[in-house]
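Me: Could you take a close look at the aromatic rings in this one and walk me through how they sit together?

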Amino acid sequence: MSEIKYDIIKRIGILSKSASGWTKEINLISWNDREAKYDIREWSPDRERRGKGVTLSTDELSALKELLNHTEI
């Protein structure tokens, strides 16, 4: 299996932090030298490991923002 390459273009923010130190973050990341996308996933404290996540294009992030703006929380 080939290594997954990533470059964090912009760190946007931490959504939560677990007792073990893992953080759930939203960042702008380029995966395998592709166009950068918005990414939500968990990262280990040393950033050596990462959990499964979801990536969103700019259009998808805008649609999510619009949906959340009209959702009662």
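Reply: Let's start with the term: rings of Phe, Tyr and Trp (the six-membered ring for Trp) pair if their centres lie within 6.5 Å, and planes under 30 degrees apart count as stacked, over 60 as edge-to-face and the rest as tilted. The structure holds two such aromatic pairs. Keep in mind that this is a predicted model, where local features need pLDDT of at least 70, side-chain atom pairs count only at pLDDT 80 or more, and totals for chains, interfaces and linings use all residues. Residues are numbered from 1 along each chain as its sequence is written, and side-chain values use heavy atoms, with hydrogens and water left out.

Tyr6 and Trp31 make a tilted pair, 5.4 Å centre to centre with 45 degrees between the planes. That pair ties together distant parts of the chain, since Tyr6 is in strand S1 (residues 6–17) and Trp31 in strand S2 (residues 23–31), 25 residues apart. Strands here are DSSP runs of E, at least two residues, numbered from the N terminus.

Tyr6 also pairs with Trp43: the ring centres are 5.3 Å apart and the planes at 55 degrees, so this pair is tilted. Trp43 belongs to strand S3 (residues 37–43), 37 residues from Tyr6.

How covered are they? Buried means under 20% relative accessible area, exposed over 50%, partly exposed in between (1.4 Å probe, protein chains only). Trp43 is buried at 0%, Trp31 is buried at 16%, and Tyr6 is partly exposed at 29%.

One more neighbour: the charged end of Arg47 sits over the ring of Trp43, 4.7 Å from its centre (the cut-offs: NZ of Lys or CZ of Arg within 6 Å of the ring centre and within 35 degrees of the ring normal).

How values were computed: Helices (H or I, at least four residues) and strands (E, at least two) are DSSP runs, numbered from the N terminus.
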